[in-house]
Amino acid sequence: MKVTLETLREKKAAKQPAVGVSCYTAPDASLSAEAGVDFIVVGDSLAMTLLGFDSTLPATMEMMELFVAAARRGLTGDHVPLVVGDMPLGSYQPSDEIAVVNACRLVQAGADIVKIEGCTPLILSRIKAISEAGIGVVAHLGLQPQQKALVGGWRVQAKTATEAVALEGDCNNVEHAGAVVMLIEAVPAEVAALIVARTDVPIYGIGAGPGVDGQLLVMSDLVGEFRAFKSRFAKRFGNVSEVKAKALADYATAVRAGSFPDAETSYNMDPIEAGKLK
């Protein structure tokens, strides 16, 4: 089954939570599809979780195209999640025209729709332009990693009633501009639930409580592979790092002890040819 925007709308109407994962490689996308995940976000978070930068800001269009294409190639089974391509910093700010061109590049790489952070007049213009070009837009509100310097760093958003009302206004504005899905990050559960009840498009949360239309977590967070830090909302459902560390330690021990490679993991010549060689 191919998950589409209509699938996500139907889930919202039926109050069935959608499951989303941020991942960037063919193997992780394949595993996500096998697990029945509804949507995959190839996010600029890859700059941190995969490439070792200390923020999302170094992500480029070339990086995003590469990993969107990789994730798409991993979706070869019967269940195909919707793929969201993240537009990195600088890919949409210069002009509506540049934003549309770069959105097209991500779709050509394999994304179904694209994601943009923010709700300034400039961003609303970009959402409208991309939507009018026939490409669906996910609006990312609340904590916006690309704008963390402006919002006070990695902190919870909309903690006061005034801020909550402002966030609801932002959600209305991006919806009117053409956004087909919203992602709200690091927002109090009460605020998120209130906004969901008053909004027609699906709203997914990352650290926004249980009252949203679905959840998103980064693959390397939920499997315990990213160890630089752990956000409060990033529950670990596994510990891949522990498994990898043990496997690597066992491998090193076997090499040093001379037990690897052994006969089973080595190639041998035909005895006749070995005799000729001698």
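1. Helix H5 (residues 96–109) packs against H6 at an angle of about 50°, and their axes lie 9 Å apart. H5 is therefore oblique to H6 (angles under 35 degrees count as roughly parallel, over 145 as roughly antiparallel, 65 to 115 as roughly perpendicular and the rest as oblique). Axes are lines fitted to C-alpha atoms, for helices over the stretch in contact, and angles run from 0 to 180 degrees between N-to-C directions. Helices (H or I, at least four residues) and strands (E, at least two) are DSSP runs numbered from the N terminus.

2. This is a predicted model: local features need pLDDT of at least 70, side-chain atom pairs count only at pLDDT 80 or more, and totals for chains, interfaces and linings use all residues. Residues are numbered from 1 along each chain as its sequence is written, and side-chain values use heavy atoms, with hydrogens and water left out.

3. From H5, Asp96, Ala99, Val100 and Ala103 meet Ser125, Arg126, Ala129 and Ile130 of H6; contact means heavy atoms within 4.5 Å. The residues of this contact are five nonpolar, one polar and two charged (Ala, Val, Leu, Ile, Met, Phe, Trp, Tyr, Cys and Pro count as nonpolar, Asp, Glu, Lys and Arg as charged, the others, Gly among them, as polar).

4. Eight strands form a closed barrel in the order E1-E2-E3-E4-E5-E6-E7-E8, with parallel pairing; two strands pair if DSSP finds at least two bridges between them. Neighbouring strands of this sheet are turned by 25° against each other on average, direction ignored. Helix H6 (residues 121–132) packs on the sheet, where H6 touches strands E4 (113–117) and E5 (137–142). The direction of H6 makes about 170° with that of E4.

5. Strands E7 (residues 203–206) and E8 (residues 214–218) pair in the parallel sense over two bridges. Glycine 205 has glutamine 215 in E8 as its bridge partner.
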